Amino acid sequence: MSVFSHPEYQDHEHVAFNYDARSGLKAIIAIHNTHLGPALGGCRMWPYASDEEALRDVLRLSRGMTYKSAIANLKLGGGKAVIIGDPRTGKTDALLHAMGDFIESLGGRYITAEDSGTKVADIATIAERTGHISGLVAGSEHGGDPSPTTAYGVFVGLKTAVRYRFGKSDLAGLKVALQGVGNVGFRLAKHLRDAGAEIYVTDIFEQNVDRAVAELGATAVSGDAIWNLDVDVFAPCALGASINDDTIPKLKAAIVAGAANNQLATEAHGEVLRQREILYAPDYVINAGGIIDAYYQRQGGSREQLMAHVEGIDKTLEEIFSRSERENLPTHSVANKMAEERFFK
Ligand code: NAD
């Protein structure tokens with residue numbers, strides 16, 4: 001297995017491997033860049049089929065965190081941790097303590113948080129061994145689930161895209177299709193409903209669709225039909241790679257703006273959207289509310305300061321959209337350039 005020559009290595013500052021014989025912990029922490037501050041990123045636990053797969057995942061995710069924090073104007077770098085193991089059967093206090101010791105050994109260059117396979121209670125156990133954690137700061141006004149802040153940030157960014165594309169600030173009558181109405185999607189749908197938008201929803205979990213219909217007056221749509229709807233905005237709020245060769249030709253929406261991470265199946269799909277004149281709000285820019293929330297949980301600060309920071313997504317997206325037009329580049333490429341201008345300083 002190569003490390004420095006790994007295709008995803010790309011300028012990582014530090015990659016640490018840890019094996020703890022007593023607990024069986026096998027973990028990797030990747031720190032991509034700390035020019036703007038300590039590297040913050042979640043700790044994922046997953047039964048990776050191979051060490052190679054775990055390394056690829058942690059490198060890719062940590063780099064993404066550098067871009068996300070830089071574009072959100074946070075004094076944070078990018079990092080991520082993975083524990084190789086099954087989160088349903090492999091989690092013990094000893095293993096989480098060993099993970100805490102591993103994080104502590106890096107002296108604060110990496111700060112951890114929840115991710116797939118780790119919950120608030122797991123981070124609390126890790127926190128028995130290290131203070132380099134986010135999301136559990138005693139006395140924080142914002143403690144807990146970042147989804148409401150993420151949803152608000154996506155709502156702010158969706159309004160920016162509507163203003164840019166349609167020249168209007170009023171969402172009354174705007175038609176929005178949401179793929180996924182879970183923690184973030186449901187709250188986004190509520191903001192949209194409150195602003196007078198017409199919402200169409202799909203979800204593979206039927207109860208989530210029923211809740212959106214009953215509580216928000218949403219129109220339920222099948223998983224296939226959501227793509228072809230004659231709507232103004234398509235909001236991906238489920239899994240990644242939803243914008244791909246199959247789905248782009250079906251889209252009638254003029255805007256793609258939603259919460260999901262890694263929406264574009266490949267970078268090339270951003271250019272395909274641009275050619276079809278579909279305005280794409282880059283995922284890591286519009287869904288940054290969660291990381292901004294984590295930052296304030298750690299640093300402190302009032303709710304007003306947190307919300308004002310999240311509302312900064314508006315200005316950032318406006319700049320991305322206008323630079324994309326001026327420079328004839330897809331919006332995600334402009335976002336990457338802007339983030340690099342900040343963290344390479
Ligand atoms: P969630 O699991 O609560 O919601 C996702 C919903 O999508 C679920 O209801 C699920 O049933 C549904 N879904 C899955 N596959 C689907 C499909 N093919 N078609 C339709 N629905 C499908 O997760 P969440 O916290 O709401 O996060 C949603 C997305 O936003 C994820 O991509 C996540 O990585 C991203 N995100 C979340 C946060 C946050 O603060 N929670 C922050 C940044 C990014």
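Which side chains meet in a salt bridge at 2.8 Å, N to O? They are those of D101 and R129. A salt bridge here is a side-chain nitrogen of Lys or Arg within 4 Å of a carboxyl oxygen of Asp or Glu.

Before going on, some ground rules. This is a predicted model, with local features needing pLDDT of at least 70, side-chain atom pairs counting only at pLDDT 80 or more, and totals for chains, interfaces and linings using all residues. Residues are numbered from 1 along each chain as its sequence is written, and side-chain values use heavy atoms, with hydrogens and water left out.

**Salt bridges**

By the salt-bridge rule the count is 17. Back to the opening pair: D101 lies in helix 2 (residues 93-105) and R129 in the loop between helix 3 (120-126) and helix 4 (147-166), so this contact ties together parts that are 28 residues apart in sequence. Helices here are DSSP runs (H or I, at least four residues), numbered from the N terminus.

The side chains of E318 and R163 also meet in a salt bridge, at 2.6 Å from N to O. With E318 in helix 11 (residues 313-327) and R163 in helix 4, that pair ties together parts 155 residues apart in sequence.

What about R323 and E327, which meet in a salt bridge too? Their N to O distance is 3.1 Å. Both sit in helix 11, four residues apart, which means about one helical turn separates them.

There is also a network of salt bridges, linking R44, D57, R60, K80 and D115.

| Residue | Relative accessible area | Class |
|---|---|---|
| D101 | 35% | partly exposed |
| R129 | 39% | partly exposed |
| E318 | 31% | partly exposed |
| R163 | 30% | partly exposed |
| R323 | 9% | buried |
| E327 | 31% | partly exposed |

**Aromatic rings**

Next, the rings. Rings of Phe, Tyr and Trp (its six-membered ring) pair if their centres lie within 6.5 Å; planes under 30 degrees apart count as stacked, over 60 as edge-to-face and the rest as tilted. That gives seven aromatic pairs. Take Y67 and F343: the ring centres are 5.0 Å apart and the planes sit at 80 degrees, so the pair is edge-to-face. It links distant parts of the chain, with Y67 in helix 1 (residues 51-71) and F343 in helix 12 (residues 331-343), 276 residues apart.

**Cysteines**

How many disulfides are there? The count is zero, where a disulfide is a pair of cysteine sulfur atoms within 2.5 Å. Among the cysteines, C43 is buried at a relative accessible area of 0%, and C237 is buried as well, at 12%.

Definitions and conventions:
Buried < 20%, exposed > 50% of the residue type's maximum accessible area, 1.4 Å probe, protein only. Helix = DSSP H or I, 4+ residues; strand = E, 2+ residues; numbered from the N terminus.
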